[in-house]
Amino acid sequence: MGLTALCPGTFDPVTNGHLDVVGRAAQLFDSVIVGVVENPSKTPLFSVEERVRLLEESVKDLSNVRVGSFRGLLVDHARAQGASVIVKGLRAISDYEYEIQMAQMNQRIGELDTLFMATSPKWSFLSSSLVKEVASYGGDVEGLVPDHVRKLLIDRLVDA
Ligand code: PNS
């Protein structure tokens, strides 16, 4: 049996920074599951079904990557999916405090380890929130998200 990694996140929407991490994880592990959290506490721009669909389209050429959604604890989802490690991208030191807390909690409650992957410097400024803000004011997000994501963003935020 191969090693499966879980890349969790909100992905509202997926950016090229996320895809950089997922793609590199796919080269390191036998299989990768992208786990889209349903996030009932936040109000995402895109429904969980939309976020999953946008991701599926984005990773369709990566044969060992599949996409699913989950609600509840990440450690439970990882166990149910047979994932033995979490992989998360770190853009900057500002990500670290929040990420290390979650990693240590997941180790504590689920004996589940997290591996941090340094985001490519090309994407270190990139976040879903900034992409949404720029797109909402009509700014150009070409090259920051896949084209099908950009189109849906414009539909939702600009042409609405
Ligand atoms: O894209 P994000 O916001 O960095 O993703 C955060 C995510 C989905 C990894 C985190 O919110 C999460 O794991 N949620 C599931 C609920 C859970 O397990 N909470 C305890 C984490 S220590």
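Glu 111 is exposed, at a relative accessible area of 67%. On that scale, buried is under 20% relative accessible area, exposed is over 50%, and partly exposed is in between, with a 1.4 Å probe and protein chains only. This is a predicted model, in which local features need pLDDT of at least 70 and side-chain atom pairs count only at pLDDT 80 or more, while totals for chains, interfaces and linings use all residues. Residues are numbered from 1 along each chain as its sequence is written, and side-chain values use heavy atoms, with hydrogens and water left out.

Back to Glu 111. Its place is the loop between α4 and β5 (113-118). Helices (H or I, at least four residues) and strands (E, at least two) are DSSP runs, numbered from the N terminus. The phi of Glu 111 is positive, about 50°, although the residue is not a glycine. Most residues other than glycine have a negative phi, and most peptide bonds are trans.

Phe 11 also has a positive phi, near 50°, and is likewise not a glycine. Phe 11 is found in the loop between β1 and α1. Is Phe 11 buried or exposed? With 5% relative accessibility, Phe 11 counts as buried.

There is a cis bond to mention as well. The peptide bond that runs from Asp 12 to Pro 13 is cis, and omega is near 0°. Pro 13 belongs to the loop between β1 (4-9) and α1 (16-28).

Now two glycines. Gly 9 is in strand β1 and counts as buried, at 16% relative accessibility. Gly 82 is in the loop between α3 and β4 (85-90), and Gly 82 is partly exposed, with a relative accessible area of 38%. From Gly 82 to Asp 113, 31 residues apart along the chain, the C-alpha separation is 13 Å.

Next, the ligand. Which residues surround the ligand? They are Gly 9, Thr 10, Val 37, Lys 42, Phe 70, Gly 72, Leu 73, Leu 74, Lys 88, Met 102, Met 105 and Asn 106; a residue counts as near if one of its heavy atoms lies within 4 Å of the molecule. Helix α4 (residues 93-110) supplies the largest share of that shell, 3 residues.

The ligand sits in the largest pocket. Two definitions apply here. A pocket is an open set of points, on a 1 Å grid over the protein atoms alone, where a 1.4 Å probe fits, with protein on both sides within 12 Å along at least five of seven lines. A molecule sits in a pocket if more than half of its atoms lie within 2 Å of the pocket's grid points.

As for individual distances, an oxygen atom of the ligand is 2.9 Å from a backbone N or O atom of Thr 10. For Leu 74, a polar backbone atom is 2.8 Å from an oxygen atom of the ligand. Lys 88 takes part through its side chain, where an N or O atom is 2.9 Å from a ligand oxygen. Of the 550 Å² of accessible area that the ligand has on its own, the protein covers 76%; areas come from the Shrake-Rupley method with a 1.4 Å probe.

Last topic, salt bridges. The rule is a side-chain nitrogen of Lys or Arg within 4 Å of a carboxyl oxygen of Asp or Glu. How many salt bridges does this rule give? The count comes to 10.

One of them joins the side chains of Glu 38 and Arg 71, at 3.0 Å from N to O. Glu 38 lies in the loop between β2 (31-37) and α2 (48-58) and Arg 71 in the loop between β3 (65-70) and α3 (74-81), so the pair ties together parts that are 33 residues apart in sequence. Glu 38 is partly exposed at 26% relative accessibility, whereas Arg 71 is exposed at 61%.

Another salt bridge pairs Arg 79 with Asp 76, at 3.6 Å from N to O. These two are 3 residues apart in helix α3, about one helical turn. Arg 79 is exposed, with a relative accessible area of 53%, and Asp 76 is partly exposed, with 40%.

In helix α6 (residues 147-157), Lys 151 and Asp 147 are 4 residues apart, about one turn of the helix. Their closest N and O atoms are 3.8 Å apart, and the pair forms a salt bridge. Asp 147 is partly exposed, at 38% relative accessible area. Asp 147, Arg 150 and Lys 151 are linked in a network of salt bridges.

Definitions and conventions:
Polar contact = N/O pair within 3.5 Å; in protein donor to acceptor, adjacent residues only side chain to side chain. 1 Å grid on protein atoms, 1.4 Å probe; cavity = no way out; pocket = protein on both sides within 12 Å on 5 of 7 lines; lining within 4 Å.
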